[in-house]
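Hi,

Here is the structure I promised to pass on. Have a look at it first, and my notes follow just below.

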Amino acid sequence: MVTSLDERPCPRHPSISTRLRCSKCGTPICPRCMVETPVGFRCPPCAGLSGLSWSDVPTPLLLRATLAGLAVALVVGWLWSRIPDWQFYLALLLGFGVAEAMAWAARAQRGRALQTLGVLCVAVGLLVSRLLLLAELGLTPGELARVFSDARLWTLVQVRPIPDLLFAVLALVIPFVRFRVTR
C-alpha cells in the first residue's frame, strides 16, 4: 500500500525523489514540475500545461495577434522616427505595446508562436523607425554602410551604438518574456 508519505521518483525528473502528489490524479510531482492552482499542487497535465507547441494556438488567433502587433509596431516605429530622443520610453512602448496588443488579440494565450511573432513585430517596429530616419535625411538603405563607417554621420540618423542596442534588446525581450510558457 502506497501512502502520501512514501518517497517516489518524479516521472518527469527521475533523479528527484518526492513525497508530493498531484491533488487531482495522485501522480508524484517534484518542486520543479509542480503547478500551484487554487485547489492545490497539480502535475502539468492536470493543471492544463501541455508545453504549447507552435500549433497549439489556433491559426486565426495567430493571424489576429500578428496584425495587432504589427499595427502597434508600425505606429511606434513611426513615432520613434519623429522623436528619437525618447528612445527609452519608446522602447518600452514598443515592447509592451506589441506584447499586450498581441495578448489581447490572442485572448491571453501563450506559446512559442506568439513569442516568435512578438519578437518579429518588435523588430519590424525598430526597422521602420530607422528606415524612416534614413528617408528623412535623404539616405537610401544602400548608403547605410557609409553611415556606419563614418561615426560623424551616426548622429544624423540618431544612432548611438550602445544605447540603441540596449533599448532594442529591451524592446525585443518584452514579448519574449510575456508569451513564455511557465512550467
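**Confidence and conventions**

Helix α3 (residues 87-105) has the highest mean pLDDT among the elements of the protein, at 95, while helix α6 (residues 151-154) has the lowest, at 57. Here pLDDT is the predictor's confidence in each residue, from 0 to 100, and helices are DSSP runs of H or I with at least four residues, numbered from the N terminus. For the protein, the mean pLDDT is 82, and 79% of the residues reach 70 or more.

Please keep in mind that this is a predicted model: local features need pLDDT of at least 70 and side-chain atom pairs count only at pLDDT 80 or more, whereas totals for chains, interfaces and linings use all residues. Residues are numbered from 1 along each chain as its sequence is written, and side-chain values use heavy atoms, with hydrogens and water left out.

**The cores**

A nonpolar core is a set of buried Ala, Val, Leu, Ile, Met, Phe, Trp, Tyr and Cys residues joined through side-chain atoms within 4.5 Å. Buried means under 20% relative accessible area, exposed over 50%, and partly exposed in between (1.4 Å probe, protein chains only).

The largest nonpolar core has 28 residues, of which L94, V98, M102 and L114 touch the most other members. Two or more residues come from each of α2 (59-82), α3, α4 (112-136) and α7 (161-178), and α3 gives the largest share, nine residues. Leaving out residues up to four places away in sequence, L94 is in contact (heavy atoms within 4.5 Å) with A73, V76, W80, V122, G125, L126 and A171. Another core, of seven residues, lies apart from this one and includes C22, I29, C33 and C46.

**Rings and a charge**

The whole structure holds two aromatic pairs. Rings of Phe, Tyr and Trp (its six-membered ring) pair if their centres lie within 6.5 Å; planes under 30 degrees apart count as stacked, over 60 as edge-to-face and the rest as tilted. F88 and Y89 make an edge-to-face pair, 5.4 Å centre to centre with 75° between the planes. F88 is partly exposed at 37% relative accessibility, and Y89 is exposed at 56%. Together with F167, F88 and Y89 form one aromatic cluster.

The charged end of R64 sits over the ring of W104, 5.4 Å from the ring centre; the test is NZ of Lys or CZ of Arg within 6 Å of the ring centre and within 35 degrees of the ring normal.

Best wishes
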